[in-house]
Amino acid sequence: MHKIDEKLANVTARIKRAAESAGRNAADVTLLAASKSQPAEQLRLAFAAGARRFGENYLQEALDKQRQLTDLSDIQWHFIGPIQSNKTRAIAEHFNWVHSVDRVKIAQRLNDQRPAALGPLNICLQVNIDNEPSKSGVSLEQLDELALRVAQMPHLALRGLMAIPAPRNTDASHCSFARVATALKQLRHQHPNCPLDTLSMGMSADLEAAVTAGATIVRIGSDIFGPRAAATAPTPP
Ligand SMILES: *Cc1c(COP(=O)(O)O)cnc(C)c1O
């Protein structure tokens with residue numbers, strides 16, 4: 001098996017190739033290492049190889065790793081998993097970004113609980129782009145209403161949209177990603193004062209399709225860290 005630094009270099013090269021063939025600047029695509037279920041030592045290796053942004057899905061696991069990695073001063077933490085309301089305070093206090101906001105209630109709690117000294121919490125609204133019943137995310141129909149509310153919250157910075165398309169072929173994924181990109185453009189017109197610059201989309205299997213459609217953050221797990229143990233299911237709270 002390849003080492004993390006080789007895998008990270010491969011992923012970076014894939015991003016660069018995909019950006020260039022789409023006529024985009026590779027510097028406009030940020031790599032987020034999706035590190036759920038990986039021990040802190042793996043994150044430390046990825047950091048040593050150049051990764052600075054890490055995405056976590058489970059609060060307790062993330063807090064444990066944060067405690068073990070306090071010496072990595074310019075590390076940035078992104079919360080990318082489903083959010084229960086009893087977890088919002090710790091998320092508001094311990095993360096730089098949240099990609100998975102899909103309800104006003106959760107946004108309101110994050111806003112109210114964000115320590116003012118940390119500055120606004122960066123928010124992406126998660127869109128259920130293929131209307132999958134089992135998946136988190138707001139529907140495109142309800143997106144405007146949610147965005148309108150979040151845009152008014154002073155301790156949140158509405159940065160953009162996050163989506164996970166249904167697992168299908170590349171053309172279908174590209175189509176879903178393109179619809180998310182269109183939705184972001186529309187939001188930008190509606191909210192000229194929000195820094196709406198972020199499309200968080202693309203994982204190991206569909207990075208290229210996402211970058212082609214305009215992704216600015218790709219969230220890559222298994223192609224950096226290797227396959228996860230079968231238990232990707234949440235551990236009990
Ligand atoms: C696990 C996860 C990823 C990374 O998925 P890979 O297929 O391992 O690259 C990205 N985004 C979210 C929300 C995840 O939970």
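On α6, the exposed residues E141 and Q142 sit on the face turned away from the buried side of the helix. The buried residues of this helix are L143, L146, A147 and V150. Viewed down the axis of α6, these buried residues fall within an arc of 105°, so they line one face of the helix. The model is a predicted one. Helix α6 has 12 residues, and the distance from its first C-alpha to its last is 17 Å, close to the 16 Å expected at 1.5 Å a residue.

The phi angle of N131 is near 50°, a positive value in a residue other than glycine. Most residues other than glycine have a negative phi. N131 counts as exposed, at 52% relative accessibility; the cut-off for that class is over 50%.

A positive phi is also found at S37, where the angle is near 70° and the residue is again not a glycine. S37 belongs to the loop between β1 (30-34) and α2 (40-48). With a relative accessible area of 35%, S37 is partly exposed.

Helix α1 covers residues 4-21, which makes 18 residues, and reaches 26 Å from its first C-alpha to its last, close to the 26 Å expected at 1.5 Å a residue. Its buried residues are I4, K7, L8, V11, R14, I15, A18 and A19. Which part of the helix do the buried residues of α1 line? Seen down the axis of α1, they fall within an arc of 125°, so they line one face of the helix. On the other side of α1, the exposed residues are R17 and S21.

E20 is also part of helix α1. At 48% relative accessibility, E20 counts as partly exposed, since a residue has to be over 50% to be called exposed. Between E20 and S200 there are 180 residues of sequence separation, and their C-alpha atoms are 19 Å apart in space.

Helix α3 (residues 59-68) contains K65. Is K65 buried or exposed? K65 is buried, with a relative accessible area of 3%. The side chain of K65 is joined to the side chain of E61 by a polar contact of 2.7 Å.

I220 and L31 are 189 residues apart along the chain, while their C-alpha atoms are separated by 7.2 Å. D223 lies in helix α9, which spans residues 222-225. D223 has a relative accessible area of 29% and is partly exposed. D223 and A34 are likewise 189 residues apart in sequence, and the distance between their C-alpha atoms is 9.7 Å.

The last part of the walk concerns the ligand. Which residues surround the ligand? The surrounding residues are A34, K36, N57, I80, I164, M203, S204, R219, I220, G221, S222 and R228. By class, this shell divides into 5 nonpolar, 4 polar and 3 charged residues.

An oxygen atom of the ligand is 2.5 Å from an N or O atom in the side chain of S204. For R219, an N or O atom in the side chain is 2.9 Å from a nitrogen atom of the ligand. At G221 the backbone takes part instead of a side chain: one of its N or O atoms lies 2.8 Å from an oxygen atom of the ligand. On its own the ligand has 390 Å² of accessible area, and the protein covers 90% of this.

Terms used:
Residues numbered from 1 in each chain as written. Predicted model: local features only at pLDDT ≥ 70, side-chain atom pairs only at ≥ 80, totals over all residues. Heavy atoms only, no water. Near = heavy atom within 4 Å. Polar contact = N/O pair within 3.5 Å; in protein donor to acceptor, adjacent residues only side chain to side chain. Areas by Shrake-Rupley, 256 points an atom, 1.4 Å probe, with all protein chains shown as cover. Nonpolar A, V, L, I, M, F, W, Y, C, P; charged D, E, K, R; others polar. Helix = DSSP H or I, 4+ residues; strand = E, 2+ residues; numbered from the N terminus. Expected span 1.5 Å × (residues − 1). Buried < 20%, exposed > 50% of the residue type's maximum accessible area, 1.4 Å probe, protein only. Arc of directions from axis to C-beta.
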